[in-house]
Amino acid sequence: MTLNWTPEVVVAFFVAIIGFVLTITTYIKPKTKKITSLNYIRLAILVFSIFIFIDGLSILYINEFLSIISGFILVPFTLSLVIGVTYIIKENFYSLGFVLVIGLSVLFIYLGFQPNAVTIKVQGGYIRLPWMGLFGNIGMTLSAIGGVFIFYWGIKTLKNAPFLIKKEAYMFFLGIFVASVVSMVFYVLYLFDPFYIVASNLALLVGLLIITLSVMIEPKLLYILPFTVYRIMVKDREGYPLFDHDWSKSEISENIFTGFINAVQLMSEEIMNIGGLLDIQLKDGILILHESKNITVGLITSKSSKLLRSSVANFTRDFEIKFEKILMEGNKDMKKYESAQELIEKHFSNFPSRIITHKRKPLLLTELLLKLPLSLDRDLKTIFKDEKEYNFIKSEIFRTPESTAAGFISLYKELKKELDGIENEHQES
Amino acid sequence: MSNLNLALSLTLNHPSVQSVIEIAKEVINNNNVLDTELLYNLAKRRLKFPRKGLLSIIQLLINKKVLVEGSKYTRDEVLNNRYRFNLYNFLTSYLGVHFSSIRKQIITDKSGTLGSSGQLIWHLEMLIRFNYIKKIKIKNYTVFLPYEIDDEIGLLHFVLRDEIYLKIIQLLISNVKLKKSEIHKLVNEKRETIYYRINNLIEFNIIELSGDDNSLVLNSSKKNDIILIITTFSQNNSQITKLNFNNK
């Protein structure tokens with residue numbers, strides 16, 4: 001049997017291989033694997049790879065049946081992609097796209113069983129098996145819906161990507177743009193000249209390659225949309241903070257956060273057993289609490305999920321094990337628990353940090369680390385006996401024009417006489 | 001640091017973290033505006049850390065609040081501090097109050113959260129520095145005025161806040177001309193106190209001697225301002241109320 005090796009077949013096989021690699025990458029690279037939305041996206045990539053592979057085979061063997069089968073595979077591809085993207089955005093399956101794909105798919109499958117759904121033709125000097133009539137049009141529409149959803153995912157991911165992974169997010173978006181928009185443009189041109197199907201598949205190949213590469217460099221790209229994880233805090237059973245870590249600024253105030261943890265600690269025996277998990281719905285997020293023998297762990301996130309709850313439980317368990325000795329001693333020095341950072345990496349590595357909001361955002365060093373000239377420091381320490389007050393003034397000095405501190409000392413000396421008068425008067429009264 | 005698998009071992013004491021802190025200190029001490037980009041670029045050039053590792057360090061420093069968002073104060077930002085905002089409002093509402101008086105309000109505040117004299121002076125200095133207020137010296141008193149208020153008006157407010165000065169001036173408004181001795185009799189205070197204040201008022205150019213009989217009259221150019229201020233005081237019942245620094 002003579003095989004019909006054409007450029008379209010070769011490109012289709014390459015695209016399929018890259019698709020399989022991307023599927024495996026999206027499974028292997030992220031440490032956390034069980035996220036519903038990503039499972040659908042992964043399924044979509046896998047199904048797409050199978051689709052393009054069978055499409056290539058159908059041309060290679062000039063087999064109409066395989067061509068129709070490849071068309072049918074377009075249905076699960078579009079469906080899983082639409083569900084995956086919708087689920088990422090709103091944790092729900094249903095969308096207008098979902099209904100549209102279901103409706104079109106029924107018609108598409110029916111048309112696939114009709115005669116002349118696929119014909120063998122010579123186009124551009126090569127034997128091809130184009131989908132014909134309404135079957136072809138609906139197949140094209142399904143592909144277009146898939147393209148639109150992928151592009152939407154790319155835009156949302158780029159828009160929401162935090163500063164730390166913005167560079168990779170641009171790369172990811174470029175891949176998505178090439179694989180969806182550029183590929184679709186060539187696909188439309190294919191209607192006028194069959195050569196463009198090769199260009200369309202090539203664009204897909206390049207796009208998928210870029211997407212694969214960016215996900216390999218930064219797997220967190222896949223976790224930008226499902227959740228925003230704000231903060232985790234560990235407290236001992238007496239309510240002293242031992243460790244805290246921020247991923248991003250939360251609207252939930254410190255008081256509410258610690259207040260809930262304290263309240264839950266007080267009532268823990270009534271509302272949750274040791275080892276139990278509790279979700280508290282707050283106005284601006286969800287507080288997931290986990291109580292163990294020596295500690296209470298609270299995580300604030302935009303959404304609750306099985307994945308996050310198990311991450312909190314595992315983090316708690318490992319924290320107890322890692323710091324067992326000092327926890328038993330009742331050590332409350334937060335510095336001793338700093339190395340819990342590695343547990344954050346272990347259990348929450350997929351969630352991107354949004355703590356650096358913008359690269360040009362002005363920063364200051366905490367006043368505790370800043371050093372003033374010796375004489376000024378001595379004068380300030382004489383004036384401000386209270387350490388909190390001293391640190392506050394110190395932090396202010398670093399935010400003021402250079403001569404402000406000297407001006408202050410001079411004003412202080414000038415007013416001291418008046419000051420002593422009042423203070424004596426006050427003491428006497 | 002050949003391979004920065006930092007995330008697993010980063011603490012503030014890590015030498016690499018300390019090197020980045022040193023660079024941040026240097027930028028701030030040189031009075032430059034520190035931001036993530038500048039810190040990243042400088043540290044990258046000097047320390048040759050890989051991008052991800054360096055970003056992890058900067059992220060850790062922000063996370064541990066070693067680096068905090070903020071910049072040098074601008075004039076608009078100075079009043080974001082609640083203490084300063086309330087202090088400025090107080091000085092605007094009670095023109096002519098002197099330092100002792102402001103301080104007295106704070107020391108007697110029952111909330112006990114208003115801090116020391118040093119803190120008050122710091123905030124006054126900040127308001128002066130950013131041209132919200134100015135200070136004028138009147139005899140032994142330091143008076144703080146909103147920047148745009150004329151010194152003369154400030155002086156009149158200061159004088160009229162004193163009960164004895166006020167009585168003397170009110171007498172001169174209703175009687176037009178009075179001798180020192182007559183004023184002393186009418187005010188019913190110690191002679192030295194009255195004479196001291198009269199001399200001050202002459203020195204402030206608020207009252208002046210008239211004719212050969214050494215009678216005292218109000219400076220006619222200031223009379224209208226004085227009457228206006230006294231009217232405002234009586235309308236507002238302008239006793240200095242306690243500073244309410246704890247309310248927004």
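1. A salt bridge is taken here as a side-chain nitrogen of Lys or Arg within 4 Å of a carboxyl oxygen of Asp or Glu. In this predicted model, B:Arg84 forms one with A:Glu396, with 2.5 Å between the closest N and O atoms. The rule finds 2 salt bridges across the interface of chain A and chain B.

2. The model is predicted, with local features requiring pLDDT of at least 70 and side-chain atom pairs pLDDT 80 or more, while totals for chains, interfaces and linings use all residues. Residues are numbered from 1 along each chain as its sequence is written, chains are lettered from A in the order in which they are written, and side-chain values use heavy atoms, without hydrogens and water.

3. The contact (heavy atoms within 4.5 Å) draws 58 residues from chain A and 63 residues from chain B. Between them the two chains bury about 5,600 Å², of which 58% is on carbon and sulfur atoms; buried area is the accessible area (1.4 Å probe) lost on putting two parts together, summed over both. In chain A, the residues losing the most area to chain B are A:Leu363, A:Arg399 and A:Glu418, together 13% of what that side buries.

4. Strand E8 (362-365) of chain A pairs with strand E1 (residues 34-35) of chain B in the antiparallel sense over 2 bridges. A:Pro362 has B:Asp35 in E1(B) as its bridge partner. Strands (E, at least two residues) are DSSP runs, numbered from the N terminus, and two of them pair if DSSP finds at least two bridges between them.

Methods. Helix = DSSP H or I, 4+ residues; strand = E, 2+ residues; numbered from the N terminus.
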